[in-house]
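This briefing sets out selected features of the structure shown below.

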Amino acid sequence: MPRFNISADDAHGPLVVGIDIGSGGTRAAVYDVSGREVGKLTHKEPHEFTVGADGTSTIDADVVVREIRDSLAAVLGGDLPGTVRAIGFDTFASSLIAVDASGNALTPCITYADTRCSAQVDVLARSLDVDDLHERTGARMHSSYTAPRLAWLRQAHPDVFARTERFMALGEYAALKLLGTSALGTASAAWSGMIDRRTGQYIPELLEAVGVDPSAMGTALDPSDALPVAGTPLASEFPQLKDAVWLPVIGDGLAANMGIGALGSGTWGISTATSGAIRQLLDTEIASLPSGLWAYRVDQRRTLVGSAMSDCGRVLDWARFQLAIPEDISETDTTTLFSAPPSTGTPLVIPFFSGERGTKWRGSSRALFANVGASTTAEDMLRGAMEGVALSFLRIAEQMREAGGEPERIVLSGGMTEAIPAWLHLLSDAIGAPIDHVAVSRSTMRGSAVMALEQASPDTKVAEVPVLNRVEPVAEHTEYYRERLERFEKLADLA
């Protein structure tokens, strides 16, 4: 994957720093005004979540703060070809840390993947109007979100709950430790599932249901509410940042869209990694949010709308390891396999190996295979499984059209598509629209930098991300997949 960088000699200011906290590590890099990485001014500190059979998924928040410091030291240590004017910052979405009155963490950072609050999801779903809350918050009642997690913490660890002064997201806590002031971005607050997507204010009945006072939650700050670094501990540690502002943290989904160039309201951004998603930045009101989508407030003007699936690249991995497909997928002629016209003899696969998220959010669902006969080959099963992924995207796309209309452009990135680029034929045919497979590494970190450039140089247009491949749909194939979707939905109801 191309680095999409620029040499220090060719870079132009103002410069910005992008910081990305993902599930696999903490990254930082310096970007010039075009949105390209400057030279080799990039660094990663790897880490892993602590997981347990009981659903635990956590990481030490203070370790992450140290990783940010180490990453900044690595990228700011040489000669910079300009002045850093802004710092953009994203983390994996939906995180929670209990913090005491002295600003110290009472718990590890509880991540989006922690499912210990599953019982509280059910309790809250029975006591609250979840359809009304979905319309107002843009989020489902799910273990990924903050309300059931707060309810779990109150029940499982009442002593910790009682000592907590503030409940913080990871990026908010990092700002507290680095700047001396917490800074929770609106986009990160929205990922809690607890703020009104129209007003940015916390939902009173949700706070009441989990026994939390509004003062214990961070104020949602828009990107324009950036904090000056001058006079903070961070400026003392890194004088190179004294002229910069720190943008309140955003979620990685928003950063991913911005990093691959899905900036305008007419552009869909598709991610095809282990999981998959379609996202769109809308600057118009979504009068009625389709039931399968989420909508996260970004600022007073913009909303990130979309939906996700747990199983995208994971489906390919399953096929490689369970269907006698060569582990090195390049040994399989996927170009011929996925470029061939669709056939009614292909197995119909519901690829919910890890449960269903978008569009019906049935976490207990599992994969199903239909139309499998004695003559069905491993390659047929692979084709059917990847058609199932394409149909999962199609059902999201149908609701995206309902919310924001037809896309003017679709851009896509992700490791799965890089492994089997011919699969784009299936996806383009299913969605019925052209798709641009774009080339940019570390797209999430770049998205944080692009957000920072909005503040540092609002009148500058960032460089276009290179397009690796553009795939056009075949009309008759699109009709086939629309008919196939009807059977998919009926089978999914049994999954």
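Predicted model: local features only at pLDDT ≥ 70, side-chain atom pairs only at ≥ 80, totals over all residues.

By class, ten nonpolar, eight charged and six polar residues make up the lining of the second largest pocket.

- The space in the second largest pocket amounts to about 460 Å³.
- Its lining consists of 24 residues, of which Leu263, Gly264, Val450, Glu454 and Val462 are the closest to the pocket centre.
- Two elements, strand S17 (276-282) and helix H16 (443-456), each contribute at least two residues to this lining.
- The largest contribution to the lining comes from H16, which supplies four residues.

**Nonpolar cores**

- In soluble globular proteins, nonpolar side chains tend to be buried together.
- The largest nonpolar core in this model comprises 107 residues, and Ile19, Phe167, Leu234, Leu241 and Trp246 have the most contacts inside it.
- Beyond its neighbours within four places in sequence, Leu241 is in contact with Val17, Leu72, Leu76, Val84, Ile87, Val229 and Leu234.

**Glu135**

- Glu135 belongs to helix H3, which spans residues 130-137.
- Because the limit for a buried residue is under 20% relative accessible area, Glu135 counts as buried at 19% relative accessibility.
- The side chains of Glu135 and Arg198 are joined by a polar contact of 2.8 Å.
- When residues up to four places away in sequence are not counted, Glu135 touches Arg197, Arg198, Ile286, Ala287, Ser288 and Leu289.

**Thr146**

- Thr146 is located in helix H4, which covers residues 146-156.
- With a relative accessibility of 3%, Thr146 counts as buried.
- Apart from neighbours within four places in sequence, the contacts of Thr146 are Leu96, Ser192 and Met194.

**Asp70**

- Helix H1, formed by residues 61-76, contains Asp70.
- Asp70 counts as partly exposed because its relative accessibility is 36%, a value that falls between the limits of 20% for buried and 50% for exposed residues.
- Setting aside neighbours within four places in sequence, Asp70 is in contact with His43 and Glu45.
- Asp70 and Ser441 are 371 residues apart along the chain, and their C-alpha atoms are separated by 21 Å.

Technical notes: Residues numbered from 1 in each chain as written. Heavy atoms only, no water. Buried < 20%, exposed > 50% of the residue type's maximum accessible area, 1.4 Å probe, protein only. Polar contact = N/O pair within 3.5 Å; in protein donor to acceptor, adjacent residues only side chain to side chain. Contact = heavy atoms within 4.5 Å. 1 Å grid on protein atoms, 1.4 Å probe; cavity = no way out; pocket = protein on both sides within 12 Å on 5 of 7 lines; lining within 4 Å. Points joined across faces, edges and corners; volume = space filled by probe spheres on them. Nonpolar A, V, L, I, M, F, W, Y, C, P; charged D, E, K, R; others polar. Core = buried A, V, L, I, M, F, W, Y, C linked by side-chain atoms within 4.5 Å.
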